[in-house]
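Subject: Structure handover

Hello,

I am passing on the structure we discussed. Please keep it open while you read the notes under it.

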Amino acid sequence: MTKLRFIHTADIHLGSFLHVGGLSLPPEVEEAIETATLEGFRRVCDLAISHKVNFVVISGDLYDNEARSVRAINFFLEQCKRLGEANIRVYLIAGNHDPLGQKQDIFRMPDNVKVLDGSRPEICELRDDNNIPVARIIGQSYTSRWEQDKLHLRYEVPDSNIWNIALLHTQLEASKSNYIPCSLSELKDNRNIHYWALGHIHQFSILNQSRPVIAYPGIPQGRDFGEQGRGGCLLVELDPLEGEKVSFIPTAPIIYKRIEVDIDRDPDNMPEDLTDLEDMLVELGRDLLKANGDQDDHPVGGYIVEWILKGRGDIHDKLKDQEQELMENLTDILRNKPQFSHKPFLWTNSIILRTKPSVDYYNLMKDSPIVKELDNIIEGCLKDDTIRKKLMKELGEIWRGNGDYESSDETLFHMDRSTLEEILLKARQQIIEKLVERRE
Amino acid sequence: MKIKRLYIEDFGILRNQILEDLHPGIVVIGGLNRAGKTTLMQVLRYLGYGFPQSGQLPPATNKHKAEADIILDSGDIYNISLSGYGQPVLKRIPLTEEKTLNDEIINVEDIFGIDDFTYRQLFTITLDELNRNYGISDHEKRKLQSILLGAGFKDILLLPQLKDEFYKEGDRIGGKRGSPRVKQFKSHYLSIEKGADIKRKALSQVEEYKEKQQELEEKKSLYQQIGKELEQLQNEIVRLDIIKNNYKAYKDIQTIETWLHSNQDKHWDKVPSEYELSRLESLRDEYVFLYKDFQDKEIELGLALDNRKSLLDNKEEMASLIEGISGINERVRQCTEQEEEYNRKRQQLVAKIRETNAAWDEKDMEDLVEIKTDNISHSRLSGLVDEYRDLVSDHKNHKANLVRMQEEYNTFQDQAVELEDKKPWGEVKKYFYTSLAFILLGIILVFINPFIGTLLGLGGIGITAVYYIMTYLNSREARGAVQAQKQQLEARKSRVEAEEKLIKSIEKQIESIKTELDEYKQRLDLSIDVPDSTLPGHLLRIRDIQEGIGELDEIYNKIQEDRGYLEEQYNRYRAFISQFTQEGMHVEQAENYSPENWSRLAAELNRWNNYLKETQGIYVLQQKIEAVEQEIIEILEKYETTLAYQDLQNRQDLENSIAQFIDRSQEAMEYNRQENRLREIRQSVLSSMSSDGVRRAFGYSISNDEGRDEKLLNIFMEICSSYASQEEVEEVYSAKCREREDKIEELDRLKEEGQKLEDVLERLATTENLVRGQRQIDNARAELKILAHSYAVNMTAAFLLKEAEERLLQSMKDSIMDSAGNIFSQMTNGDYKGIQPAEPLLDGDFEAILSGEKSRCQTVDMLSRGTREQLYLSVRISRIMDIKPNLPVIIDDSFANFDSRHLGQSIGILSQLAKTHQIFILTCHGELVDEIARAQCQAQYWKIDRGRIEISDYDKLSSHLRVS
């Protein structure tokens with residue numbers, strides 16, 4: 001076997017848009033946000049060319065049916081052409097977001113791009129300059145938005161004399177998954193596969209370090225606060241002597257960041273009004289941008305930030321009555337700060353108020369039977385499916401989103417654990433405040 | 001908390017009543033009806049809360065006033081005073097051992113811990129309280145129920161209200177079902193839907209893009225096709241245009257080609273040019289003319305051909321001789337002149353010789369020539385003569401000078417002797433002596449006066465010295481003059497001697513020159529008498545004569561030479577002429593030369609020379625004829641005529657041949673003209689087809705193809721042949737032009753449509769709408785999310801409250817079942833085993849659980865009044881036991897409906913309660929007092945009677961009550 005180097009990426013969702021609050025964005029920010037997924041992929045291609053890889057594998061969801069624009073398609077074709085000029089082939093499988101058989105497939109792929117079959121696992125042989133096979137790429141594309149068959153069990157390669165790389169778009173849940181039910185052990189059991197190039201999960205993770213290496217590269221560019229942190233791709237080097245080396249290389253030009261701000265972090269300098277709060281956030285924003293050096297070849301183009309105001313202070317009482325209006329006002333102020341409008345920019349997506357009154361009513365009342373009971377119920381909601389379901393019923397239709405933003409109705413929201421916890425605690429706080437108020 | 005002392009100053013019937021040292025356990029206050037028990041109970045009921053304005057209080061004389069000392073569980077004692085409707089005033093009463101008061105401030109509320117309603121309902125028990133429907137509002141009933149149910153009762157009451165508030169707020173935001181399509185959600189929902197719609201449309205653009213792309217490609221293909229058609233049409237129009245403009249040419253070509261075809265025999269490969277033909281004609285004319293001239297001149301000369309030939313053969317020599325005649329004539333003339341000059345000069349020279357020296361004659365000429373005058377330098381001789389003359393003159397001058405010098409010398413000699421006496425040494429001597437004289441005189445005077453002596457001595461020496469120095473200087477000048485005089489004398493003497501020496505030398509030179517001059521005379525063959533001064537003149541004259549003789553000799557020699565030459569030439573000319581022997585023309589010439597003979601010979605030669613010239617003229621004509629003939633033949637040969645010019649025998653043949661040739665040539669030239677015209681027409685056609693565009697239109701685009709023009713013309717002719725007339729061509733041309741216009745219009749339309757499609761494609765390739773849609777969704781979602789969040793918080797709060805309420809009530813229920821049930825069971829003597837609250841908890845009532853296996857429940861309505869009151873009492877006691885701090889309990893004849901058995905049980909329970917709580921039992925029933933006594937309770941007995949309260953005991957009180 002010879003040394004092999006390739007890029008493993010997935011879930012590019014090319015052309016999809018970054019979810020961001022605000023209708024009127026500064027042109028530079030607008031442009032960066034609009035082209036972020038394209039730019040993320042361009043950087044992946046840059047890496048492939050600069051590292052002179054043998055090929056690039058894309059483990060599904062190259063496109064996003066919700067944003068499969070002509071521009072995105074043309075962009076992909078252009079980038080593949082670049083790779084082709086550098087003699088780099090591209091192997092890809094379709095995922096649940098871009099299953100085969102869509103009308104959009106009418107665009108012809110360049111010669112250096114191979115889309116693996118959707119009806120059966122397809123094997124492609126990669127040959128060196130002397131026409132000797134050096135690797136096999138095996139995979140099967142999705143043909144619909146769900147795939148409940150265990151496709152991977154049919155991934156059969158004749159031997160392990162050359163590198164075998166398998167492409168699989170899976171949730172990696174052993175049962176009842178709509179996205180190829182499979183378990184880690186099933187993947188490990190296929191001894192001929194050297195590298196499982198997985199896709200679907202948007203977070204980078206290496207599930208098995210050595211043969212077979214099993215890895216998710218994550219999304220090259222996150223698109224909402226559910227995909228925080230810096231996305232990237234994997235540079236994989238398979239060496240018969242030195243083994244497998246997998247390096248995560250960040251590519252995302254834009255980073256979603258949720259920043260928690262304790263208003264009472266400095267008891268001597270607590271914000272007393274909106275201006276103080278603004279100054280505090282501007283300073284934190286400046287620190288964030290300052291800390292963003294050009295550490296790599298692909299510098300961060302900007303941050304989309306959600307500020308979460310926490311802690312106790314008198315300002316809580318000033319803010320809570322007009323929470324929405326004031327937070328919108330502060331958001332607008334931050335968005336219009338010139339120092340945040342240039343690259344690397346800082347775009348305030350939203351400001352969440354989770355401050356509490358200076359008096360800790362909860363602490364005062366924590367021994368009361370009602371508060372104790374409230375705590376019990378909250379705990380139950382978080383731990384007990386039955387009571388949580390009971391609560392969810394009360395929360396109505398609007399909270400019946402399933403968390404998959406593409407397959408979900410965009411008028412609905414998904415209640416994840418952290419949101420639930422946040423809502424429960426906020427509800428508790430409001431109850432306590434009202435109780436205190438009534439007692440007085 | 002226990003009441004230690006109670007003082008009622010003004011409250012209804014009770015005025016200035018004091019109850020001191022109240023028992024911490026059971027305090028029985030007995031009195032008959034209207035004794036003031038209920039009034040007292042009201043004082044106790046409002047003690048911790050103040051008298052209510054709305055309450056049906058008994059009137060006060062002045063102002064309701066009461067006070068009490070209370071002991072807290074901690075042992076602290078406080079005084080509570082009530083005045084009017086004011087809030088109770090709490091004062092702490094220091095314990096005796098306490099010196100300072102604790103700073104801690106305690107409120108009445110803190111002491112009682114519960115609100116007045118609760119206190120009244122739970123702790124101040126009358127038959128009213130034990131009757132559910134005694135006239136309180138529903139709210140108060142619910143409140144009472146929650147109080148009776150137990151723990152958190154105060155807050156529990158708030159829960160439904162808060163729940164409703166949260167629920168209402170939630171409902172305001174998102175309705176009951178939280179549908180995104182309603183209430184505050186609605187506008188955002190619609191906005192999202194709108195955004196989604198924009199997005200959907202934008203996404204459908206991908207398909208539209210492909211469709212439009214396909215459509216564009218079809219359009220492109222179509223306009224490429226039309227473009228090709230148009231190109232073909234354009235080519236056709238170009239062709240037609242060419243044909244239209246050259247149709248006449250086409251016809252001409254056809255005509256000429258036909259003519260050429262039928263006159264092929266007239267074609268000559270090489271056709272003489274017009275010039276050549278004209279030249280040929282002029283040659284013919286020239287030939288005829290020359291030939292005639294030749295014949296005329298030959299007759300005129302009449303010289304035999306041999307002579308002509310001989311003349312021509314010798315023409316160069318003839319020319320040379322003719323040319324030499326003038327030279328020879330000149331030479332003859334010169335020779336004659338020289339002979340004459342010779343004679344003249346000889347006579348002149350003879351005269352000159354005689355003039356120079358009479359002794360000489362003509363015959364001495366040769367001798368004169370012999371005198372070697374070349375060895376004698378005229379300048380030398382002149383110099384000698386001059387020098388001799390000068391020396392003689394010098395000699396004379398120096399002689400005179402010597403005399404003068406001698407005289408001067410003598411004079412100087414005399415002056416010198418006079419000056420020679422004055423000598424310097426004598427002056428020194430004089431000075432010495434004078435000085436000595438002064439020294440001596442000084443010495444002498446020294447003895448007399450040393451100063452004067454010394455002065456005189458030294459002054460005398462000095463003055464003398466000065467004097468003598470001055471004198472000496474004067475005498476030295478005089479000595480210089482003498483010295484000069486002597487020197488001059490010496491010089492003059494030397495000069496005299498030198499002069500004398502010089503004169504002698506001159507004389508010697510004169511002698512020498514004289515000898516030399518004589519010698520010259522001899523060399524010049526002159527007499528010695530000849531004066532010396534003429535010697536140079538003689539020398540020159542002799543030299544002149546010698547030259548004259550030389551010149552004569554030269555002239556003579558020249559004459560001789562010329563004559564020899566002339567004789568030679570004469571012979572040469574004579575010999576030349578003698579070879580021409582034409583009879584009658586030859587003239588015999590004298591053999592010797594003489595100028596006359598030469599003249600005759602020259603005239604003869606000139607005559608022959610004229611013959612030669614004429615002969616030459618004939619010869620030239622002959623040559624010209626030949627040249628013309630040659631040229632004619634060359635022209636004829638050049639065109640390879642079939643004429644047998646080689647066989648031309650005479651002039652007439654030649655002329656005929658030329659005439660034939662010219663006729664034939666003219667025919668060929670006509671042929672050629674036609675050919676040229678054809679070529680020109682073709683060329684004209686071709687030049688109209690010279691552009692690449694036209695060539696392409698004719699289906700021919702190879703620019704360097706060798707046979708291109710021919711092929712093009714063939715195509716041209718072929719196309720032309722399909723049209724019958726110019727009119728037809730023009731008609732077709734117009735039709736094609738119209739067709740082209742139509743095609744162009746169609747092409748433009750297609751291109752415009754194509755451009756529109758490209759614009760659409762460009763628009764479709766943008767993500768503008770997708771972005772707009774997404775942005776609208778994101779924004780509306782962001783706003784909706786806030787609402788959804790708020791909705792969720794409210795609904796969650798409502799849910800939490802609902803759950804908490806249920807759970808708390810459940811726990812109360814459990815609690816009731818537990819403690820109140822036990823009390824009730826005990827109170828009913830086991831007839832009932834428990835109590836349970838009826839559903840809904842707050843709106844419901846209690847149920848009694850009968851003892852027995854089936855645990856049958858009875859609602860309060862099903863119970864007897866006594867049992868019902870026991871039930872409520874049990875619940876209250878149970879709650880009283882739960883509530884901290886332990887507050888005083890007031891029971892106002894609440895056992896009226898109890899039978900004795902249940903009364904005993906109840907008292908037993910109260911006695912248990914009295915261990916922790918102070919219990920005021922107000923009664924008018926002696927049985928109750930008896931029962932308390934029977935129960936052996938630790939109790940204090942007070943009698944109340946018409947507003948007066950006093951301490952009593954069991955017996956007295958019992959008696960008092962029984963009396964009535």
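This is a predicted model: local features need pLDDT of at least 70, side-chain atom pairs count only at pLDDT 80 or more; totals for chains, interfaces and linings use all residues.

Residues are numbered from 1 along each chain as its sequence is written, and chains are lettered from A and ligands numbered from 1 in the order in which they are written.

Confidence. The model scores ipTM 0.80 and pTM 0.53.

Chain B. There are 24 helices and 14 strands in chain B, taken as DSSP runs numbered from the N terminus (helices are H or I, at least four residues; strands are E, at least two). Of the 964 residues in chain B, 29% are buried; buried is 20 or more other C-beta atoms within 10 Å of a residue's own, exposed is 12 or fewer, and partly exposed is in between, with C-beta atoms placed from the backbone. Among contacts in chain B with a separation of 6 or more, 74% are between residues 24 or more positions apart. Two residues are in contact if their C-beta atoms, placed from the backbone, lie within 7 Å.

Helix H6 (residues 183–262) and helix H19 (residues 726–765) of chain B have axes that come within 8 Å and cross at roughly 160°. Axes are lines fitted to C-alpha atoms, for helices over the stretch in contact, and angles run from 0 to 180 degrees between N-to-C directions. H6(B) and H19(B) are therefore roughly antiparallel (the term applies over 145 degrees). Their contact has 23 nonpolar, 6 polar and 18 charged residues. Asp, Glu, Lys and Arg count as charged, Ala, Val, Leu, Ile, Met, Phe, Trp, Tyr, Cys and Pro as nonpolar, and the others, Gly among them, as polar.

Chain A with chain B. The contact takes 46 residues from chain A and 50 residues from chain B. On the chain A side, H11(A) gives the most, with 10 residues. That side divides into 21 nonpolar, 13 polar and 12 charged residues.

Asp128(A). This residue is in the loop between strand S5 (122–127) and strand S6 (133–139) of chain A. Asp128(A) is exposed, with 11 other C-beta atoms within 10 Å. Not counting residues up to four places away in sequence, Asp128(A) touches Thr2(A) and Val134(A).

Regards

Terms used: Angles under 35 degrees count as roughly parallel, over 145 as roughly antiparallel, 65 to 115 as roughly perpendicular and the rest as oblique.
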